[in-house]
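Welcome! Have a look at the model below, and then work through the exercises, each with its solution.

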Amino acid sequence: MSDCIFCKIVNKEIPAEIVYEDDQVMAFKDINPVTPVHILLIPKKHISDLTAITEEDKELIGQIHIAAVKVAEKMGVAEDGFRLVNNCKEHGGQVVFHLHFHLLGGKHLGTKPPA
Ligand code: AMP
Ligand code: ZN
């Protein structure tokens, strides 16, 4: 997707503070962090949102979660824990329409998901 900002980050057309990369997944610092650690994990291939995944993406979705744990370890939040969030479409608060998971940590986030 040529006009997708996260595809441009994948293609290194615009800069990002990349903290992890493998063949299918990339993770970089959110430009507007809401917690001390705020990383975005994305598939390198363009998927607009979580409802657009297919059976073919099973391994990819697993790999994103494996990557999330690696990133959490690297960022020093694996021991205390963190939150992994997907905002899906309009009611979910999605703004960037390239599938991504927010890894939030570095402080106690409370016991309820935000609503
Ligand atoms: P969402 O509401 O889940 O679509 O969130 C999109 C997230 O992308 C927000 O937290 C933004 O701060 C973040 N974001 C937007 N543009 C960039 C960028 N160029 N680099 C890093 N993070 C970005
Ligand atoms: Zn994209």
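**Exercise 1: Backbone angles**

Residue K89 belongs to helix α3, residues 89-92 (helices are DSSP runs of H or I with at least four residues and strands are runs of E with at least two, numbered from the N terminus). This is a predicted model, where local features need pLDDT of at least 70, side-chain atom pairs count only at pLDDT 80 or more, and totals for chains, interfaces and linings use all residues. Residues are numbered from 1 along each chain as its sequence is written, chains are lettered from A and ligands numbered from 1 in the order in which they are written, and side-chain values use heavy atoms, with hydrogens and water left out.

Task: What is the phi of K89, and where does K12 lie?

Solution. Step one: K89 is not a glycine, yet its phi is positive, at about 60°. Step two: K12 is found in the loop between α1 and β1 (18-21). Step three: K12, also a residue other than glycine, has a positive phi near 60°.

**Exercise 2: The overall fold**

Task: How many helices and strands does the protein have, and what pattern do they follow?

Solution. Step one: count 3 helices and 5 strands. Step two: reading along the sequence gives α-β-β-β-α-β-α-β. Step three: the C-alpha trace spans about 35 × 30 × 25 Å along its principal axes.

**Exercise 3: Around the ligand**

Task: Which residues are closest to ligand 1, and which backbone atoms make polar contacts with the ligand?

Solution. Step one: 16 residues surround ligand 1, with D30, G93, V95, H100 and H102 the closest (a heavy atom within 4 Å). Step two: sort this shell by class into 8 nonpolar, 6 polar and 2 charged residues (Ala, Val, Leu, Ile, Met, Phe, Trp, Tyr, Cys and Pro are nonpolar, Asp, Glu, Lys and Arg charged, and the others, Gly among them, polar). Step three: α1 contributes the most to the shell, 3 residues. Step four: look for polar contacts (N or O pairs within 3.5 Å). A polar backbone atom of I31 is 3.1 Å from a nitrogen atom of ligand 1. Oxygen atoms of the ligand lie 2.7 Å from a backbone N or O atom of V95 and 2.9 Å from one of V96.

How values were computed. Polar contact = N/O pair within 3.5 Å; in protein donor to acceptor, adjacent residues only side chain to side chain.
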